Structure formats: C-alpha cells, structure tokens
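Let's read a structure together, one feature at a time. Ask whatever comes to mind, and we will go from the general idea to the case at hand.

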Amino acid sequence: MKRFRFSLDKLLELRQYYEREAELALAKAMGELQEIQNRLQKLAEDRAAAAQERFKPGRTVAQIQATDMYILRLDKTKEALLEAAARAELLVAEKRQAFIEASRDRKVLDKLKKKRHKEYKYQLSLEEIKTVDDISSGSRARKHTVDGDAST
C-alpha cells in the first residue's frame with residue numbers, strides 16, 4: 001500500500017510560514033505598544049514626584065520655575081506618547097487581523113489534510129478487509145479442491 005501523501009503539503013507549509021510571520025509581526029507590535037505604555041507609566045510617576053517636589057519648604061523661586069518647566073516638558077512628552085500609543089494600538093489591531101486571517105487560511109488546509117488522511121485510513125482498512133477475505137476464501141477453495149481430489 002502506498003504511503004499517505006497530501007498533495008497540498010507545500011501550500012500548507014507556506015501558509016504555516018505566513019501564519020508564523022504574522023504572529024511575529026503581531027508580537028513585535030504588541031511589544032512596542034507595551035514599551036510606550038511603560039514609558040507613560042514612568043512619565044506619570046516622574047510628574048507626580050515633580051509635583052510633590054515643587055512647593056517643598058526652602059525652595060527658591062528659580063527652583064520652583066525649573067520644576068514647572070520640567071512638568072510642562074513632561075506633559076508635552078505625555079501628549080506625544082499618547083499619540084504614539086494610539087498609532088501603536090491601530091497597528092496592533094491591524095497585525096492581529098492579519099494573524100487571524102493567516103491562521104484561518106492554515107486551519108482550512110489542516111482540516112482538509114485531516115479529512116484526506118481519514119479517507120486514506122478508511123480506504124486502507126477496506127483494502128485490508130478485501131485482502132483478508134481473498135485469503136480466507138482462497139484457503140476454503142484450496143481445502144475444498146484438496147478434499148475433492150482426495151475423494152476421487
């Protein structure tokens with residue numbers, strides 16, 4: 001009996017490759033988004049610390065002004081990071097959709113391969129049954145002819 005061979009194996013391998021590439025692109029986009037969120041968190045902590053520092057006793061007017069300028073710079077940086085986060089979220093959604101489509105395409109071929117393999121196993125079992133039937137009916141016929149030859 002010949003071995004099972006799926007005629008679309010090359011296409012399945014290609015789809016698996018595309019799925020893996022889409023998964024890596026999604027992971028990269030999610031990593032970039034997480035990095036931006038981490039920077040926003042650090043920025044918020046720095047701003048809170050600067051706000052507490054602003055009016056501590058014994059600070060000069062120049063120190064207070066410097067702290068105010070620092071807080072303003074942190075706010076501008078926060079705005080830029082929020083815009084970057086919004087772009088990154090859009091990119092993550094786009095990459096997620098691409099991954100879902102690549103995964104769906106691969107799963108279709110996987111299911112087809114499983115179906116064809118099941119059909120192959122079924123045909124194999126039918127051939128085995130036929131072979132066993134041929135062997136058993138052949139042995140009966142030989143036994144019958146041997147018994148028939150002995151009686152003549």
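Q: Which residues of helix 1 are buried?
A: Buried means under 20% relative accessible area, exposed means over 50%, and partly exposed lies in between (1.4 Å probe, protein chains only). In helix 1, the buried residues are L12, E19, A22, L26, A29, L33, I36, L40, L43 and A50. Keep in mind that this is a predicted model, where local features need pLDDT of at least 70 and side-chain atom pairs count only at pLDDT 80 or more, while totals for chains, interfaces and linings use all residues. Residues are numbered from 1 along each chain as its sequence is written, and side-chain values use heavy atoms, leaving out hydrogens and water.

Q: How many residues does helix 1 have, and what does it reach from its first C-alpha to its last?
A: Helices are DSSP runs (H or I, at least four residues), numbered from the N terminus. The expected span is 1.5 Å times one less than the number of residues. Helix 1 has 46 residues and reaches 67 Å, close to the expected 68 Å.

Q: How many salt bridges does a search of the whole structure find?
A: Look for a side-chain nitrogen of Lys or Arg within 4 Å of a carboxyl oxygen of Asp or Glu. The search finds nine salt bridges. One of them joins E23 and R20, with the closest N and O atoms 3.0 Å apart. Another links E53 to K56 at 3.9 Å.

Q: Why are E23 and R20 separated by about one helical turn?
A: An α-helix has 3.6 residues a turn, so residues three or four places apart point the same way. E23 and R20 are about one turn apart because they sit three residues apart in helix 1 (residues 9-54). E23 is partly exposed at 35%, and R20 is partly exposed too, at 43%.

Q: Where do D110 and R106 lie?
A: Both are in helix 2, four residues apart, which is about one turn of the helix. Salt bridges that share partners join E19, R106 and D110 into one network. R106 has 15% relative accessibility, so R106 counts as buried.

Q: Which residues is I71 in contact with, leaving aside its neighbours within four places in sequence?
A: Contact means heavy atoms within 4.5 Å. I71, in helix 2, is in contact with R47, A50, A51 and R54. With 9% relative accessibility, I71 counts as buried.

Q: How many aromatic pairs does the search find?
A: A pair of aromatic rings is described by the distance of the centres and the angle of the planes. Rings of Phe, Tyr and Trp (its six-membered ring) pair if their centres lie within 6.5 Å; planes under 30 degrees apart are stacked, over 60 edge-to-face, and the rest tilted. The whole structure has two aromatic pairs. F4 and Y120 form a tilted one, 5.4 Å centre to centre with 50° between the planes. This pair links distant parts of the chain, since F4 is in the segment before helix 1 and Y120 is in helix 2, 116 residues apart. F4 is partly exposed at 23%, whereas Y120 is buried at 17%. The rings of Y17 and Y18 have centres 5.9 Å apart and planes at 55°, so that pair is tilted.

Note on methods:
Helix = DSSP H or I, 4+ residues; strand = E, 2+ residues; numbered from the N terminus.
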